[in-house]
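I opened a new notebook page for this structure.

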Amino acid sequence: MPTLSFPDVKTRFERDGFVLFPEPIVPAELVARAAAAMDMVRAGHNDTGLPHCGSYGDPTAEDRLVKIENPQRASKDILELISHPRIGELAAAATGATMVQAWWVQLLYKPSTAADNFGTDIGWHQDRSYWNDWAEGSELFTAWVALTDVDHESGPMIFARGSNNWKGAAGGDFFRQNLETAKLSIAVPEGEAWEEVEAILPPGGFSLHDELTFHGSGPNISGRPRRSFAIHMRTQNSRRAAGITGGLTGFIDDPTVCPVIFGTRDAHSGA
Ligand SMILES: O=C(O)CCC(=O)C(=O)O
């Protein structure tokens, strides 16, 4: 039986900028339903009467990264998975939040390819640089849920330990290929060391990472697809940027896209 006790998650999350839950937190039966729903959504279907919010490239590609925005809008099973209460509880434990809400989700399907294939890497980046719709100081982070075994061969996410605490670090690009050369573009502050940690996870396991933590992933050479969802989350300490009503915060009042997965949203809960 997995030991569902992670007492020092907050300390580790704040110190390292990420924390791993390498146990099947989401039940296997729900993982299997969500994986089937992933294929349904990739094929252009839905069971909600609503479409997802767009995709990067061909959603059925087997030689490129597939990234589909808000797939939970198109699938009840994906909504159930990204709303799983255990993910909410552990996210709250890591951040000290009284409220956790998912505000955007990405379906990520990394096909297995040759090691030198171009197009499946996710370049080193900090999520915050893409999230200008949120006011400065907003508490934002990501839960990345594995639907397949994610090992060294399958192009796991890699975190730069402690980079969440680097002041003034910049650079990075989600779409840039070749992690080895890409990291040269990142200005690591003087006195800090670059240390990479792979997020090795079983199906139903997940990681949390801070909005400022540098991360990326290389090719999947495992012979099987790497399937996951990145659930972008916020705590009660977050606000829309001035003048923003749509964009990344456009679904914030729709619980079928942006479920509150821990606590309750009230007048003090930002956007
Ligand atoms: O799936 C990956 O390898 C990286 C995903 C990512 O950039 C994220 O979850 O923020």
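**Entry 1: Asn70.** I began with Asn70, which is buried because its relative accessible area is 0%. My cut-offs: buried is under 20% relative accessible area, exposed is over 50%, and partly exposed is in between, with a 1.4 Å probe and protein chains only. I found Asn70 in the loop between strand S3 (66-69) and helix H3 (76-82). I noted its positive phi of about 45°, although Asn70 is not a glycine.

**Entry 2: ground rules.** I am reading a predicted model, where local features need pLDDT of at least 70, side-chain atom pairs count only at pLDDT 80 or more, and totals for chains, interfaces and linings use all residues. Residues are numbered from 1 along each chain as its sequence is written, and side-chain values use heavy atoms, with hydrogens and water left out. Helices (H or I, at least four residues) and strands (E, at least two) are DSSP runs, numbered from the N terminus.

**Entry 3: the sheet.** In which order do the strands of the four-stranded open sheet run? I read S5-S10-S7-S8, with antiparallel pairing. Two strands pair if DSSP finds at least two bridges between them. Strand S5 (122-125) and strand S8 (196-198) stand at the edges. Each has a single partner strand, so one side of each lacks a neighbour in the sheet. Neighbouring strands here are turned by 25° against each other on average, direction ignored. For such angles, axes are lines fitted to C-alpha atoms, for helices over the stretch in contact, and the angles run from 0 to 180 degrees between N-to-C directions.

I then looked at one pairing. Strand S7 (residues 157-160) and strand S10 (residues 215-217) are antiparallel and share three bridges. Ile158 stands opposite Gly216 in S10.

**Entry 4: aromatic pairs.** How many aromatic pairs does the structure hold? I have ten. Rings of Phe, Tyr and Trp (its six-membered ring) pair if their centres lie within 6.5 Å; planes under 30 degrees apart count as stacked, over 60 as edge-to-face and the rest as tilted.

I looked up Trp103 and Trp131. Their ring centres are 4.9 Å apart and their planes stand at 80°, so this pair is edge-to-face. Trp103 is in strand S4 (residues 100-110), while Trp131 is in the loop between S5 and strand S6 (140-146), 28 residues apart. Both Trp103 and Trp131 are buried.

Next I took Trp166 and Trp194. Their pair is tilted, with 6.0 Å centre to centre and 45° between the planes. Trp166 lies in the loop between S7 and helix H5 (179-182), and Trp194 in the loop between H5 and S8, so the pair ties together parts 28 residues apart in sequence. Are these two buried or partly exposed? Trp166 is buried, at 6% relative accessible area. Trp194 is partly exposed, at 24%. Ring pairs also link Trp124, Trp166, Trp194 and Phe214 into a cluster.

**Entry 5: charges over rings.** Arg42 lies over the face of Tyr109, at 3.6 Å from the ring centre. Lys67 lies over the face of Phe174, at 5.4 Å from the ring centre. A charge sits over a ring if NZ of Lys or CZ of Arg is within 6 Å of the ring centre and within 35 degrees of the ring normal.

**Entry 6: two helices.** The axes of helix H1 (residues 9-16) and helix H4 (residues 85-95) come within 6 Å and cross at roughly 65°. Val9, Lys10 and Phe13 in H1 meet Ala93, Ala94 and Thr95 in H4. Contact means heavy atoms within 4.5 Å. I checked how covered H4 is: eight of its eleven residues are buried, among them Ile87, Leu90 and Ala94. Just after H4, Gly96 takes a positive phi of about 75°.

**Entry 7: two more residues.** Asn237 lies in the loop between strand S11 (226-235) and strand S12 (260-262). Asn237 is partly exposed, at 42% relative accessible area. Not counting residues up to four places away in sequence, Asn237 touches Gly137, Ser138 and Glu139. The C-alpha atoms of Asn237 and Leu20 are separated by 23 Å.

I ended with Val260, in strand S12. Val260 is partly exposed, at 33%. Leaving aside neighbours within four places in sequence, Val260 is in contact with Met99, Val100, Gln101 and Arg265.
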